[in-house]
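Please keep the sequence and the model in view.

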Amino acid sequence: MLTGVVAGPVFTSPAVGSILAAIRTVRQAGAVGTLLIVKNYTGDRLNFGLALEQAREEGAVVQMVVIGDDSAFWTQKKTGRRGLCGTILIHKVAGALAEEGVGLNEIVRKVTPVAAAMGTLGVSLSPCSVPGSKPTFQLAEDEFELGLGIHGEAGVRRMKMMPADKIVKIMLDHMTNPSNASHLSLKPGASVVLVVNNLGGLSYLELSIVAGSAVRCLENRGIHIARAFVGSFMTALEMAGVSLTLLLVDDELLNLIDSETTAVAWSQHARVSVSRKRRERIAPEKYPEEEKFVPTGVPTSQQIILVLETVCSTLLNLQERLNDLDRAAGDGDCGSTHARAARAIQEWLSVNPPPEHPSQLLSALARLLLEKMGGSSGALYGLFLTAASQPLRMNSELSTWSVAMDAGIEAMKRYGGAAPGDRTMLDSLFAAAEELRALRNPGANLIQVLTSAVRRAEEAAESTKNMEAAAGRSSYIGSARLDQPDPGAVAAAAILQAVLQGLQAKPM
């Protein structure tokens, strides 16, 4: 790849003397010629150009290529396109050619059209700060910047936040728009190398999301993705952003990119086409249906749907509050986890009517939450519903619902390791279960008993803010920092309240 590199101060061109020292060093090591690969910025062109002229005066054989792959600007700039992350692909191709023994002039002749056949565009959710200085520009929390450089400079367009798929589509549309003077001409059937580059502050999870979006978007346009590189190749300090680079390739160019290198930071990618991989959707497992026994006295299908829809809307509305409560002792995702469960139930209801048999209904919900909800909450709700469904298999009288509640709680205690008083969701459920035992009395009124159970559950949830956490993630946090109710307990009480509201409402 590269034989040497010259670094200047942060976001500043290296000094002429430093560049000249590098040329002398590789020459003394036996190089018959030196190629300077320079990103297109005025300071870089000037300083590398001066060093080149001085080196030639000393008898060195030196050439220079200036790389401009920026696809941000609608109109042609006198200074040309900025040099961005695509420059690393020129490093790789030129280095591979040199390793094969190709002469200096021939390397320049080959890499010049390669540099013209690529484009790069960046977006960022935040600016960066040169050490000791303020941020280079300001962005609101709900904004992102399109078309940034690599030195902290602002981009060409500021937009409101949107999902990754939409942002990637905007990037690719901008890069390939013929009205854009710096666009990359990309036609269906073209073969490309894709580089998804971290501008400094993104996680690999976020990079992978962008990479997946880019692959899907390009394939939808009929573009063949020959290779994909995902990583931190050319960063801008801590900027929370990403750039996409596309390089049009043929087999010869692909072989140069695939050639071995000892550069430790170069991504050791799989030498296979990304577009050839078959991505098949795995069909969900089919569960055997239970016997079609529908007992009398149970809610109608429409009433069940109404209850579930009320639960879902309640959890979606509570998402941010539950996340806020969870940040004190967890990773702040309790609300998001419950919202994910709510959306899964909504999608499930839109496809098929729910089972009318209570046992089948709870079993189906258990399987759904175990598959879709995730986390310890998904496992606990799945466990609770699975255990609660058992007493209801052949008997769904009101008294049996109290037995089912106790069975679910007992299963959570047995496998989850928590107990009432440990500052978990069990505190709400246990308080409600005590009230629901009134359903075992002859002539018990469901709505009245459930109203009392909801009130007790809400009181229990509120009381958890005064408890010492003995189980769950909160148990690792000092009690002095736990001054808010447990989010799981709040969620459980809210679900019971939603069930009550759904039962009191009249189906359409």
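Does Trp266 count as buried or exposed? The model is predicted. In it, Trp266 has 6% relative accessibility, so Trp266 counts as buried, because buried means under 20% relative accessible area.

Now turn to the aromatic rings. The count comes to three aromatic pairs. In one of them, the ring centres of Phe229 and Phe233 lie 6.5 Å apart with planes at 85°, so this pair is edge-to-face. Phe229 and Phe233 are both buried. For Phe233, the relative accessible area is 17%.

Phe233 also pairs with Trp266. Their ring centres are 6.2 Å apart and the planes meet at 55°, so the pair is tilted. This pair links distant parts of the chain, 33 residues apart. Phe233 sits in the loop between strand E7 (224–231) and strand E8 (241–248). Trp266 sits in the loop between helix H7 (251–258) and helix H8 (301–317). Together, Phe229, Phe233 and Trp266 form one aromatic cluster.

Next, the nonpolar cores. The largest one holds 57 residues. Which of its residues touch the most other members? They are Leu308, Ile345, Trp348 and Met405. Helix H16 (residues 487–504) gives this core its largest share, ten residues.

Conventions. Residues are numbered from 1 along each chain as its sequence is written. This is a predicted model: local features need pLDDT of at least 70, side-chain atom pairs count only at pLDDT 80 or more; totals for chains, interfaces and linings use all residues. Side-chain values use heavy atoms; hydrogens and water are left out. A nonpolar core is a set of buried Ala, Val, Leu, Ile, Met, Phe, Trp, Tyr and Cys residues joined through side-chain atoms within 4.5 Å. Buried means under 20% relative accessible area, exposed over 50%, partly exposed in between (1.4 Å probe, protein chains only). Helices (H or I, at least four residues) and strands (E, at least two) are DSSP runs, numbered from the N terminus. Rings of Phe, Tyr and Trp (its six-membered ring) pair if their centres lie within 6.5 Å; planes under 30 degrees apart count as stacked, over 60 as edge-to-face and the rest as tilted.
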